[in-house]
Each structure stands twice: as C-alpha cells, then as structure tokens.
Amino acid sequence: MTKPSPVLERLRVEHAEALLVFERENRAYFSRTIPDRGDAYFAEFAAQLQARLAEQEAGTCHFHVVVDQDGELIGRVNLVDVEDGCAELGYRIGERAAGRGVATAAVGDVCRLAAAEYGLSALTAMTTLDNPASRTVLEHNGFTAVGDIHIDGRPGLRYRRPLDGIRA
C-alpha cells in the first residue's frame, strides 16, 4: 500500500509554531542553495507571519505549507507579487523530505491552484545554476528558462510557465 502524497495547505496562523521549527531546522540546509533569510526573520517571526497573512488576505500573495501524511510540515510553496494575472513562485522542501518528488508534486499542485482558484494566467520562478534539483522541479512542471539572472551574485535562470490549459 502506498502512502498518501503530501498535501498543500493554505498558510494559516495555526501553522506558526510548526513553520518556525521547520525554518530553523532547515536553515543551514537551505542556505547552501538559496539566500539565507537572516537573523531578523527568526527574531521577528511572529510579525513576519502576520505581515504574510495580511498580504494573503489582500490577494497580493498566496502562501502554502506542504504537510506529509503524518501532519508534519515538510515544505512551503508560495506565490508572491501577484499582479496582472502573474505571480512569482518560490518553494523550499525540508532536508528530510528532499529527493522524494515532494517539490515536483507540490509545485504541480500550486500551478493547478494558481489557475483554478487564484485566476492566474502565468507564473515566473528563478533559481541559481548550482541548484540542478530546483531547475529539474521547474522543468518537470512545464517552466521554460527565459533569461539569465544573478541571485546574490550567483548566476541563475529566470523561468516562466503559462497556465492556460491546466487542469484542476
């Protein structure tokens, strides 16, 4: 019997404690491939969360947590800077869940949500060249590289994915 796949949940205040634990436990792991959030993020976590929830309420962002079959928070998938039918995708999957297809599935789920629930027509994303796992997740979900960028001084790629024809 296969285990149920992890599921996306829209970020709620009830996720606060688990989200902070997740971010702290994975801070060093994440900083190997993406810019660190900095000490202020952790020191001001409650205020940061309230600001994110306000952005979500206003419709300028859509934040999600990824929860496994045991109810443990194992990742995040966010759509930020919603404007003119487009948003930027960002995601992070914890070290213990990495390499098991969780990111690919969660990004696919958020693409469907973006089209069906949030009425978006396209998503953008970016990653560094030294993060091949992230590039693979994006490419497996129909994102196409559209340009070169630099992220904290590191070379990377910007991606785009139209959402027309996507099924809920």
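A pocket is here an open set of grid points with protein on both sides within 12 Å along at least five of seven lines, and the second largest pocket of this predicted model holds about 210 Å³ of space. Thirteen residues line the second largest pocket, and of these Asp68, Gln69, Ile74, Ala97 and Arg100 are the closest to its centre. By class, the lining of the second largest pocket is made up of five nonpolar, two polar and six charged residues.

The largest pocket contains about 1200 Å³ of space. Its lining comprises 45 residues, of which Ile34, Gly90, Tyr91, Arg92 and Ser134 are the closest to the centre. Two or more lining residues are given to the largest pocket by each of the helices α1, α3 (45–58), α4 (102–116) and α5 (132–140), and likewise by each of the strands β3 (73–83), β4 (86–93) and β5 (122–128). Strand β4 provides the largest share of this lining, with six residues. Sorted by class, the lining of the largest pocket has 23 nonpolar, 13 polar and nine charged residues.

About 60 Å³ of space lies in the largest cavity, and the residues that line the largest cavity are Glu23, Arg27, Phe30, Ser31, Ile34, Pro35, Asp36, Arg37, Phe42 and Arg92. Helix α1 (residues 16–31) supplies the largest share of this lining, namely four residues. In terms of class, the lining of the largest cavity divides into four nonpolar residues, one polar residue and five charged residues. Ile34 and Arg92, which are among the residues lining the largest cavity, are also among those closest to the centre of the largest pocket.

Helix α1 also contains Asn26. The relative accessibility of Asn26 is 7%, and Asn26 therefore counts as buried, the cut-off for a buried residue being under 20% relative accessible area. When residues up to four places away in sequence are not counted, Asn26 touches Gly94 and Glu95.

Helix α3 has 14 residues, which at 1.5 Å a residue should span 20 Å, and the end C-alpha atoms of α3 are 20 Å apart, in agreement with that expectation. The buried residues of α3 are Phe45, Leu49, Leu53 and Gln56. The face of α3 turned away from its buried side carries the exposed residues Ala47 and Ala58. The elements that cover the buried residues of α3 include the strands β1 (7–10) and β2 (62–67), together with the helices α1 and α2 (39–43). Gly59 follows α3 and has a positive phi, near 85°.

In helix α5, the buried residues include Ser134, Val137 and Leu138. The arc that these residues cover around the axis is only 95°, so they lie on the same side of α5. Ala133 and His140 are exposed on the other side of α5. The packing partners of the buried residues of α5 are the strands β4, β5 and β7, along with helix α4. Ser134, one of the buried residues of α5, is also among the residues closest to the centre of the largest pocket. Just after α5, Gly142 takes a positive phi of about 85°.

Backbone geometry was also considered at residues other than glycine. Most residues other than glycine have a negative phi. Asp81, although not a glycine, has a positive phi of about 55°, and this residue lies in strand β3. Asp81 counts as exposed because its relative accessibility is 57%, the cut-off for an exposed residue being over 50%. Asp152 is likewise not a glycine and has a positive phi of about 50°. Asp152 is found in the loop between β6 (144–151) and β7 (154–162), and with a relative accessible area of 61% Asp152 is exposed.

Key:
Residues numbered from 1 in each chain as written. Predicted model: local features only at pLDDT ≥ 70, side-chain atom pairs only at ≥ 80, totals over all residues. Heavy atoms only, no water. 1 Å grid on protein atoms, 1.4 Å probe; cavity = no way out; pocket = protein on both sides within 12 Å on 5 of 7 lines; lining within 4 Å. Points joined across faces, edges and corners; volume = space filled by probe spheres on them. Nonpolar A, V, L, I, M, F, W, Y, C, P; charged D, E, K, R; others polar. Buried < 20%, exposed > 50% of the residue type's maximum accessible area, 1.4 Å probe, protein only. Contact = heavy atoms within 4.5 Å. Expected span 1.5 Å × (residues − 1). Arc of directions from axis to C-beta.
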